[in-house]
There are 2 protein chains.
Amino acid sequence: MRIALDAMGGDHGPEQTVKGAVEFLREVADRDVGVILVGDRAALETEAARHNYDSDRLEIKHASQLVSLDERPSRIVKTKPDSSLVRAVQLVKEGTAQGIVSAGSTGALLSASLFLLDRIPGVRRPAICTWFPSAKGGFLLCDVGANVNVRATDLVQFAIMARAYCQHQLNHPNPRIGLVNIGTEASKGNEVTVKAYQLLSVQVDNFVGNIEARDLFEGHADVVVCDGFVGNILLKFTEGLVQHLYGWARQTVRRHWTSQLALPLLRPALVDLTQQLDYAETGGSPLLGLNGVSIVSHGLSSAKAIKNALKTAHRCVTEELISSITKGITDHHNRFEEHNAVKES
Amino acid sequence: MRIALDAMGGDHGPEQTVKGAVEFLREVADRDVGVILVGDRAALETEAARHNYDSDRLEIKHASQLVSLDERPSRIVKTKPDSSLVRAVQLVKEGTAQGIVSAGSTGALLSASLFLLDRIPGVRRPAICTWFPSAKGGFLLCDVGANVNVRATDLVQFAIMARAYCQHQLNHPNPRIGLVNIGTEASKGNEVTVKAYQLLSVQVDNFVGNIEARDLFEGHADVVVCDGFVGNILLKFTEGLVQHLYGWARQTVRRHWTSQLALPLLRPALVDLTQQLDYAETGGSPLLGLNGVSIVSHGLSSAKAIKNALKTAHRCVTEELISSITKGITDHHNRFEEHNAVKES
C-alpha cells in the first residue's frame, strides 16, 4: 500500500510534511506500507536527507506547481495540473497510491478529489467529517464545510457515511447519531432540519434525535450531522473561542499578583489540557463520499499532525472504508429511494 | 414611566424578580420611574414585604395564570390570557407601562408582544439581539433565535435595528456592522448570506463585511447579523463550551497535585473572569422590531440580571429606541424599497 502525501501543502511546508512521513513509517511496522512524497524534488530530497528512513518505503514524485490559498478551488485541476495536490490525487486515481493526505486548501482537495476520483455511486454530495475532542468522549461532526446549501436527504447520507467512518476508525459498533438543532423536539429548527429529523428517525439506525448546541460536548451522540455552513461555523467558532478564553484567562490571571504565583504550579495541568485539545492528535478529516481515501489535515499541520493523518489514511484503506460507505449508501438507496423521491418532490 | 415586570417568569420566580425590581428602583433616582410587578398578588406581596421600597414606585397587578416552558408559544395570548406574561405585555399595549421585562419563555414573550404590540411599520420579522462579552470589547449578535428561516432583506433589517440599539444603549455613534459567514470574501457562504453581503454593502452604513466565526471575539465589528438558527446555535454553543472547558480544566487540574495547590491562588482571577462572563451583567436581550419595548432576560435570571434588564428597558424608553428604529426602517424603505423588490423577485 502506498499513500500519496501532498508534501508542499500546509503552512509549514516540506520541513514538517517530510518529517511527518518519516515518523509515520517508523510507527507502522508493515514494510508493505509506503509514502509517496509529491512536490518539488530538490526541496523534498533536501528535507529527506535530514532523516534516517527506509528508502524502499519513501518515494518522491516531482510536481512543479503549488496551489495557493487564494486560488479558485473549483478549477484547480485545469489551472494547476502539475501541482503537488493535483498530482497526489492523480496517483490515487491511477492506482499507484491507495490514499491521499493534504494539509493544503480544503476546497482544492475536495474539488480535485471529486473531479479525479468521483463520488461513490448514489452519493449526491461529499462531506467533510471532523473529530471534536471533549471531556466526555468527543464526537464526529459532519459536514464541516463542503456543502453550504443542503437538502434533508443529504443530511441522511452524511449520517450513513460518518457512521461507517466512526465504526471503522473509532471502533464504535453502533454509533449514536444526532442532528444539530435549536431544540430537542422534532418540530424545532428550520425547514431542512425539521424534514431531516423525520427522515433520520425512520431511515437511520440509532438516531438519538436533535442535539442542542449547548449539549454538543455532553456526549449524547457519537456522530452529529449538520449542513456545512453551520458545521464550519461550529468548527471555526470552537477554535476562536478556545483561544480567546485562554488569552482572556491568562490576561486576568496576570492582573492579580497572587494568581500569577499559581502559573508554574498549573503547568502540568495546562500541558495535559493542551494535549487533549490538540488538533494534531485528531489525525485529519476525511472527505466522505468520494470513491477513494482523501484526508485533509489542518493548514497549520505539524509533523505530528501529518503523521496522524497518514495513519488515518492507512487505516481507512486497511479497514476498507470506501466499500463500507458504498454498501451503506446502496442499502439505504434500495430501501428508501422511493420514499425519498416522494419526500423531496 | 412605568416598566411592567413578569414577576412569575424565570426559574427562580418572585423571590429574585421582586428583589431585582427593588434594587433597580434603588439605583434609578428618578422618582417618576416605577415598576409594575405582574403575577400572583399574594406571592408578590409576601416577597415585597421582605424589602424596603418606595410604595409609590412599586405596584402589584394580579394575574392568575402561569406560562410554562412546554406551552405552545404561538397561541399563548389565547391559551393564557390572564398569565403574568400576557398581562404584563398588555399593560404596555394600554399605555399603562412603557416597557416589559420577562425572564419567562422567549417564544411566548415574542408571540404575545407581536400579537399585542405589533411590529414597527415596514419590519417583516422581529429579531432577538444579544450581547456577547469579550476581552476585546464584545459585540451584539442579532438574530439569536426569533427567525429560523430568513431572507437576505431580513438580515438588512436586523442590521438597521441592532445598529439603533447599539447607538442608544452602548453609546456607539457609528457601529461597525458585520455578517456571520464562513469566509471573508463576498462570494462565500450560502445563498442567503451571499445575497445579504451584496445588500449590506450598498444599503447599510459602516458594513465591514463577513466575520468568520473564528474571529467573532476579535473585535472587528460591534453588531453582527445572522439568521436565528445560526445565532441560537452560537449562543447556546458558547454557554455549553465555556461550561465544558471550565469543567474540563478543573478536572485536569485535580489530576495533578501540584496544580491543585494553585487553586486558592487563582481565586481572585477566577472571580474576575466569572464576572466578566456573567450573563447577569448584560441586562437582557431586546426583541427588536416590535412597536414597544420588550426585553427578555435569561431563564436563570438572578435579582441582578432582572435589575439590569429593567435598566435596559428604562434606557430604551428614555432614549426613544422605538422611534429610532422606526426612522431607520422608514429611511431605508424609502431609499431601497424598489431595489429590494427587484432583488427578491
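How many residues of chain A are in contact with residues of chain B? Select both sides: 47 residues of chain A are in contact with 47 residues of chain B, where contact asks for C-beta atoms, placed from the backbone, within 7 Å. This is a predicted model, in which local features need pLDDT of at least 70 and side-chain atom pairs count only at pLDDT 80 or more, while totals for chains, interfaces and linings use all residues. Residues are numbered from 1 along each chain as its sequence is written, and chains are lettered from A in the order in which they are written.

Next, colour α8 (228–255), α9 (257–260) and α10 (263–276) of chain A, the elements that give two or more residues to the side touching chain B; α8(A) gives the most, with 20 residues. Helices here are DSSP runs (H or I, at least four residues).

Now superpose chain A on chain B: a rotation of 180° with 0.0 Å of shift along its axis does this with an RMSD of 0.0 Å, by least squares on C-alpha atoms of residues with pLDDT of at least 70 in both. That is the relation of a two-fold axis. Centre on A:Ala262, whose C-alpha comes closest to the rotation axis among the residues of chain A, at 2.3 Å. Because 100% of the interface residues of chain A are also interface residues in chain B, the copies meet through the same surface.

Methods:
Two residues are in contact if their C-beta atoms, placed from the backbone, lie within 7 Å.
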